[in-house]
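Hi,

Here is the structure I promised to pass on. Have a look first, and my notes follow below.

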Amino acid sequence: MNDFIKLLSDLEKQPLLFINKKDISLLNAFITGYLLNDIFRNNKRPNYDFRSSFSEWLKEKYNFEQELSWAEYLNSLSKYESLNAVDLFFREFHIFQKETNNYYGI
């Protein structure tokens, strides 16, 4: 988990080192790839896989009716805010951590 925590922290500071372009789809693919690698190596889902609970939290917070991924929710929200969806991810993820006491370390 410490590697994942460090990775997210580094990603927040310098996203272009990891995803080439500040795009929520690229961020989603990067995080999913990292977590899938952990699943394949350890034969189980890592306890720090936040994706499902984060998606559900976003859905409830913003009253979305459709079931979407966290990246799709954030992409929709970014159209109404003056933030790139990647920046919005980190803002909302920090709030999610505080409100749910799920500290994934960033």
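Leaving aside residues up to four places away in sequence, Asp38 touches Asn43, Lys44, Pro46 and Tyr48. Bear in mind that this is a predicted model.

Asp38 sits in helix α3, which runs over residues 24-42. Is Asp38 buried or exposed? Its relative accessibility is 1%, and buried means under 20%, so Asp38 counts as buried.

As for the helix around it, α3 has 19 residues and spans 27 Å from its first C-alpha to its last, close to the 27 Å expected at 1.5 Å a residue.

**Where α4 meets α6**

The other thing I looked at is a helix pair. Helix α4 (residues 51-61) packs against helix α6 (residues 85-100) at an angle of about 95°, and their axes are 11 Å apart. That angle falls within 65 to 115 degrees, which means α4 is roughly perpendicular to α6.

Which residues make this contact? From α4 come Ser53, Phe54, Trp57, Leu58 and Lys61, while α6 brings Phe89, Glu92, Phe93, Ile95, Phe96, Glu99 and Thr100. Sorted by type, the residues of the contact are 7 nonpolar, 2 polar and 3 charged.

Cheers

Note on methods. Residues numbered from 1 in each chain as written. Predicted model: local features only at pLDDT ≥ 70, side-chain atom pairs only at ≥ 80, totals over all residues. Heavy atoms only, no water. Axes fitted to C-alpha atoms, helices over the stretch in contact; angles between N-to-C directions. Helix = DSSP H or I, 4+ residues; strand = E, 2+ residues; numbered from the N terminus. Parallel < 35°, antiparallel > 145°, perpendicular 65-115°, else oblique. Contact = heavy atoms within 4.5 Å. Nonpolar A, V, L, I, M, F, W, Y, C, P; charged D, E, K, R; others polar. Buried < 20%, exposed > 50% of the residue type's maximum accessible area, 1.4 Å probe, protein only. Expected span 1.5 Å × (residues − 1).
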